[in-house]
Amino acid sequence: MTLIMFLHISMGTIAVLAGAAALLVRKGSRVHRGVGNVFLVTMTIMSAAGIYLAIVLPMAISVLVGVFTIYLVVTSWLAARQKDESIIWQHYVALAVALGVTAGGLFFGLEAQNSPDGLKDGLPAFPHYFFGGLALLAALGDAVMIARRGISGKKRIARHLWRMCFAYFIAAGSLFTGPGATAFPEQIRETGLLSAPEPIILAIMLFWIVRVLATRWYEGKPSSAAEMPTSTS
């Protein structure tokens with residue numbers, strides 16, 4: 001096992017555990033912020049290692065997914081810590097990255113679609129278009145936020161939630177149903193249990209987005225994540 005592969009697997013495992021902890025502990029608490037920082041660092045290292053491995057293979061879609069994952073965790077982390085109605089230079093860089101992933105998804109999708117066997121690195125056009133489309137939606141959100149000179153209150157926290165949870169969804173998919181699944185005994189893989197974490201993460205993401213946007217759980221407009229309510233009741 002190469003050092004890069006070891007980093008990819010070990011950091012991915014820690015990221016999945018940190019993500020689970022972030023979902024379980026009180027939101028806005030010191031523990032929540034701590035495991036969130038661990039999640040950011042480990043996800044970034046895992047994705048960067050994955051991008052390197054995907055370039056060596058090559059596997060174009062894994063490059064797209066790796067870049068998009070880093071984009072999601074970084075912009076989510078920024079959303080949790082930025083002040084309301086504020087724009088920083090990193091937001092412009094993030095917008096450029098999201099548009100780059102969009103362009104890559106379109107390019108590789110067309111390449112697959114126009115190839116003799118309809119494949120790009122063994123995959124059809126749809127997965128490339130899918131992640132390119134997700135990146136486009138995220139880029140539109142960035143563009144609207146920049147045009148309005150910031151985002152505040154519930155919308156800022158919802159931005160943090162969906163981006164961090166979707167990055168976690170990608171990491172869990174890579175571990176439990178993607179290449180990482182080979183680390184589990186065949187008996188466990190055959191039960192179908194490894195498919196459970198992904199829909200659970202999406203359900204939790206939807207629950208928290210609805211709770212933040214449509215209920216009184218979030219009160220006021222804190223200027224940073226440190227001032228978020230710590231109660232989950």
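The legends below describe close-up views of a predicted model.

View 1. The largest nonpolar core contains 53 residues. Inside this core, F39, M43, F68 and I170 have the most contacts. At least two residues of the core come from each of α1 (3-24), α2 (30-56), α3 (60-81), α4 (89-113), α5, α6 (153-176) and α8 (197-214). Helix α6 gives the largest share of this core, 13 residues.

**View 2. Surroundings of M43.** M43 is among the residues with the most contacts inside the largest nonpolar core. With neighbours within four places in sequence left aside, M43 is in contact with A15, T69, V73, A167 and A171.

**View 3. S47 in helix α2.** S47 belongs to helix α2. The relative accessible area of S47 is 4%, so this residue is buried, the cut-off being under 20%. Residues up to four places away in sequence are not counted here; beyond them, S47 touches G66, T69 and I70.

**View 4. Helix α4 and what covers it.** Helix α4 is made of 25 residues. From its first C-alpha to its last, α4 reaches 37 Å, which is close to the 36 Å expected at 1.5 Å a residue. Its buried residues are H91, A94, L95, A98, V101, T102, G104, G105, F108, G109 and A112. An α-helix has 3.6 residues a turn, so residues three or four places apart point the same way. The cover over the buried residues of α4 includes α3 and α5.

**View 5. The salt bridge between K120 and E111.** The structure holds three salt bridges. In one of them, the side chains of K120 and E111 meet at 3.4 Å, N to O. E111, at 34% relative accessibility, counts as partly exposed.

**View 6. D142 and its two arginine partners.** D142 forms a salt bridge with R159, and the closest N and O atoms are 2.8 Å apart. This pair links distant parts of the chain, with D142 in helix α5 and R159 in helix α6, 17 residues apart. Both of these residues, D142 and R159, are buried. A further salt bridge joins the side chains of R163 and D142 at 3.1 Å, N to O. Because R163 lies in helix α6 and D142 in helix α5, the pair ties together parts that are 21 residues apart in sequence. R163 counts as buried, at 2% relative accessibility. The relative accessible area of D142 is 0%, so D142 is buried as well. Through shared partners, the salt bridges join D142, R159 and R163 into one network.

View 7. L99, L136, L137 and L140 make a nonpolar surface patch of about 370 Å². Helix α5 (residues 125-147) provides the largest share of the patch, three residues. L137 is placed in helix α5. Is L137 buried or exposed? At 58% relative accessibility, L137 counts as exposed, because the cut-off for that class is over 50%.

How values were computed
Residues numbered from 1 in each chain as written. Predicted model: local features only at pLDDT ≥ 70, side-chain atom pairs only at ≥ 80, totals over all residues. Heavy atoms only, no water. Patch = residues over 30% accessible without salt bridge, like charges linked within 9 Å, V, L, I, M, F, W, Y side chains within 5 Å. Areas by Shrake-Rupley, 256 points an atom, 1.4 Å probe, with all protein chains shown as cover. Salt bridge = Lys/Arg side-chain N within 4 Å of Asp/Glu carboxyl O. Helix = DSSP H or I, 4+ residues; strand = E, 2+ residues; numbered from the N terminus. Buried < 20%, exposed > 50% of the residue type's maximum accessible area, 1.4 Å probe, protein only. Core = buried A, V, L, I, M, F, W, Y, C linked by side-chain atoms within 4.5 Å. Contact = heavy atoms within 4.5 Å. Expected span 1.5 Å × (residues − 1).
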